Amino acid sequence: MATSSHEKRAQSLLEKHQIKQYMDDIIYGFEVEHGKPASDIFLKACEKLDVFPEEALVLEDSEAGIDSAYQAHIPVICIPDLKNPDDLHQKRCTTLLKSLDEVIEYIIKSN
């Protein structure tokens, strides 16, 4: 997981929703020189996980995150939270989904 959220907040949410154990690693914004919309955070995550950016997949809810993934050449699925991305950012996404529940089904259908 690559997040711009503060470590304490991110850890709290992961524990609250009982998903922390599913994360291989977590990269926080303070670990990189440039935050989103720069690509640093996603490229660092790829480096730590030893995967090429084109082999990764980003799930994002913000335009800054979409820009970050796009600049890193990582496919991005947008799951809007507070607002839908504008037309430019929608074009930068592989797809827009309504919920995280739809991600696995989308990936299976895409392969």
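1. Sheet. Three strands, in the order β3-β4-β5, make up an open sheet with parallel pairing. Its edge strands are β3 (58-60) and β5 (95-96), each of which pairs on one side only. The model is a predicted one, and the points below should be read with that in mind.

2. The β4-β5 pairing. Strand β4 covers residues 76-78 and pairs with β5 in the parallel sense, over 2 bridges. Across this pairing, I77 stands opposite T95 of β5. As background, strands of a sheet pair through backbone hydrogen bonds, whether parallel or antiparallel.

3. Cysteines. How many disulfides does the structure hold? The count is 0. For C78, the closest cysteine sulfur is that of C93, at 4.8 Å, which is too far for a bond. A disulfide would need the two sulfur atoms within 2.5 Å. Seen from C93, the closest cysteine sulfur is in C78, again at 4.8 Å. Are these two residues buried or exposed? C78 counts as buried because its relative accessibility is 1%. C93 has a value of 10%, so C93 counts as buried too. The cut-off for buried is under 20%.

4. Aromatic pair. The count of aromatic pairs comes to 1. The rings involved belong to Y28 and F30; their centres are 5.8 Å apart and their planes lie at 5°, so the pair is stacked. Planes under 30 degrees apart qualify as stacked. The cut-off for exposed is over 50%.

5. Charge over a ring. R92 lies over the face of Y70, at 4.3 Å from the ring centre.

6. Q11. This residue is in helix α1, which spans residues 7-16. Its relative accessibility is 16%, so Q11 counts as buried. What does the side chain of Q11 join by a polar contact? The partner is the side chain of K20, at 2.8 Å. Beyond four places in sequence, Q11 is in contact with K20, I26 and Y28. Y28 is also a member of the stacked pair with F30.

7. A72. The loop between α3 (63-71) and β4 holds A72. A72 counts as buried because its relative accessibility is 5%. Sequence neighbours up to four places away aside, A72 touches S39, F42, L43 and P53. D40 is 32 residues from A72 in sequence, yet their C-alpha atoms are 7.9 Å apart in space.

8. P37. Where does P37 lie? It is in the loop between β2 (27-28) and α2 (40-49). With a relative accessible area of 39%, P37 is partly exposed. Leaving out residues up to four places away in sequence, P37 touches A64, D67, S68 and Q71. L14 is 23 residues from P37 along the chain, and the C-alpha atoms of the two are separated by 23 Å.

Notes. Residues are numbered from 1 along each chain as its sequence is written. This is a predicted model: local features need pLDDT of at least 70, side-chain atom pairs count only at pLDDT 80 or more; totals for chains, interfaces and linings use all residues. Side-chain values use heavy atoms; hydrogens and water are left out. Helices (H or I, at least four residues) and strands (E, at least two) are DSSP runs, numbered from the N terminus. Buried means under 20% relative accessible area, exposed over 50%, partly exposed in between (1.4 Å probe, protein chains only). A polar contact is a pair of N or O atoms within 3.5 Å; within protein, one must be able to donate a hydrogen and the other to accept it, and residues adjacent in sequence count only if both atoms are side-chain atoms. Contact means heavy atoms within 4.5 Å. Two strands pair if DSSP finds at least two bridges between them. Rings of Phe, Tyr and Trp (its six-membered ring) pair if their centres lie within 6.5 Å; planes under 30 degrees apart count as stacked, over 60 as edge-to-face and the rest as tilted. A charge sits over a ring if NZ of Lys or CZ of Arg is within 6 Å of the ring centre and within 35 degrees of the ring normal.
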